[in-house]
Amino acid sequence: MKTTTNFYTAVILIVKLLPIILILAAASCCNAQELKLSTYIEKTKMSPKLGHSLGLVFPGYLGDMEVGGFYQKNMLPNRVETTSKRVIIEEQFYGFYIGISFIQRERINVNFNLRTGLVNGSMLAITPSVFSDFMLSNALGFGLGLGMRNMQPTYTGRVILKLNNNGGHNYRRPGAYRYK
């Protein structure tokens, strides 16, 4: 019974997220922006979390800006995380994020990432983090990050896939425009 409920909840979530994914994909194709898909594991104080994010990368003179949505789920269900005053059982965390690159080189990016969303559909959470990404090719890379959650440090590892990379214009000299 519990498995069936989880399955239906996942299907409903996918149906809710489908219009957002289609809008991001259409905007990416029409405006020639990079569409970036990431899968990550975030280690918090009590348990690891598995997450996915999908965003658009907008080029800029000082650094790129990335805007998108994310969904994250507890890998070990029914684990209890404690804060100083209350007990939180975090099953899922979803919302939107913004990332701003402050160091860009040919294959390495260091960016500040701010995620804002709902924990278990009821509590608002804002989690800052810093990521260092290394692109192995124009479309594939990996990243490591440090962040804060419930006033505790978090560690993140992620795999990055760029679904359209604008013909390989990812590699450029620092500070150069990507517009044509």
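This is a predicted model: local features need pLDDT of at least 70, side-chain atom pairs count only at pLDDT 80 or more; totals for chains, interfaces and linings use all residues.
Reader: Which strands make the closed barrel?
Author: Eight strands, running β1-β2-β3-β6-β7-β8-β9-β10, with antiparallel pairing. Two strands count as paired if DSSP finds at least two bridges between them. Neighbouring strands of this sheet are turned by 25° against each other on average, direction ignored. The axes behind that angle are lines fitted to C-alpha atoms, and angles run from 0 to 180 degrees between N-to-C directions.

Reader: What holds paired strands in a sheet together?
Author: Strands of a sheet pair through backbone hydrogen bonds, either parallel or antiparallel.

Reader: Take β6 and β7. How many bridges?
Author: Eleven, in the antiparallel sense, between β6 (residues 92-104) and β7 (residues 108-119). The two strands form a hairpin with three residues between them. Gln-104 has Asn-109 in β7 as its bridge partner.

Reader: And how many between β7 and β8?
Author: Twelve, again antiparallel, with β8 covering residues 123-135. Asn-109 has Asp-133 in β8 as its bridge partner, and Leu-118 stands opposite Leu-124 in β8. This hairpin has three residues between the strands, and Asn-120 takes a positive phi near 55° there.

Reader: What about β8 with β9?
Author: They pair in the antiparallel sense over seven bridges and form a hairpin with four residues between them. Val-130 stands opposite Leu-146 in β9.

Reader: How many bridges join β9 and β10?
Author: Ten, antiparallel. The hairpin of β9 and β10 has two residues between the strands, and Asn-150 in the turn has a positive phi of about 55°. Leu-140 stands opposite Leu-161 in β10.

Reader: Which residues are on the covered face of β9, and which on the uncovered one?
Author: The covered face holds Gly-141, Gly-143, Gly-145, Gly-147 and Arg-149. Leu-140, Phe-142, Leu-144, Leu-146 and Met-148 are on the uncovered face. In a regular strand the side chains alternate between the two faces of the sheet.

Reader: Change of topic. How many cavities are there?
Author: Four of 30 Å³ or more. A cavity is a set of points on a 1 Å grid over the protein atoms alone where a 1.4 Å probe fits but cannot get out, and lining residues have an atom within 4 Å of a point. Points are joined across faces, edges and corners, and a volume is the space filled by probe spheres set on them. The largest cavity has about 130 Å³ of space.

Reader: Which residues line the largest one, closest to its centre?
Author: Tyr-40, Asn-113, Arg-115, Ser-129 and Phe-131, out of 17 lining residues. Elements giving two or more residues to the lining are β1 (34-43), β7, β8, β9 (140-149) and β10 (152-164). The largest share, four residues, comes from β8.

Reader: What is Pro-128 in contact with?
Author: Leaving aside neighbours within four places in sequence, Phe-112, Asn-113, Leu-114, Gly-147 and Met-148. Contact means heavy atoms within 4.5 Å.

Reader: Where is Gly-99?
Author: In strand β6. Gly-99 counts as buried, at 7% relative accessibility. Not counting residues up to four places away in sequence, Gly-99 touches Asp-64, Met-65, Glu-66, Phe-112 and Asn-113. From Gly-99 to Met-65 is 5.6 Å, C-alpha to C-alpha, at 34 residues apart in sequence.

Reader: What share of the protein counts as buried?
Author: 37% of its 180 residues.

Note on methods
Residues are numbered from 1 along each chain as its sequence is written. Side-chain values use heavy atoms; hydrogens and water are left out. Buried means under 20% relative accessible area, exposed over 50%, partly exposed in between (1.4 Å probe, protein chains only). On a 1 Å grid over the protein atoms alone, a cavity is a set of points where a 1.4 Å probe fits but cannot get out, and a pocket is an open set with protein on both sides within 12 Å along at least five of seven lines; lining residues have an atom within 4 Å of a point.
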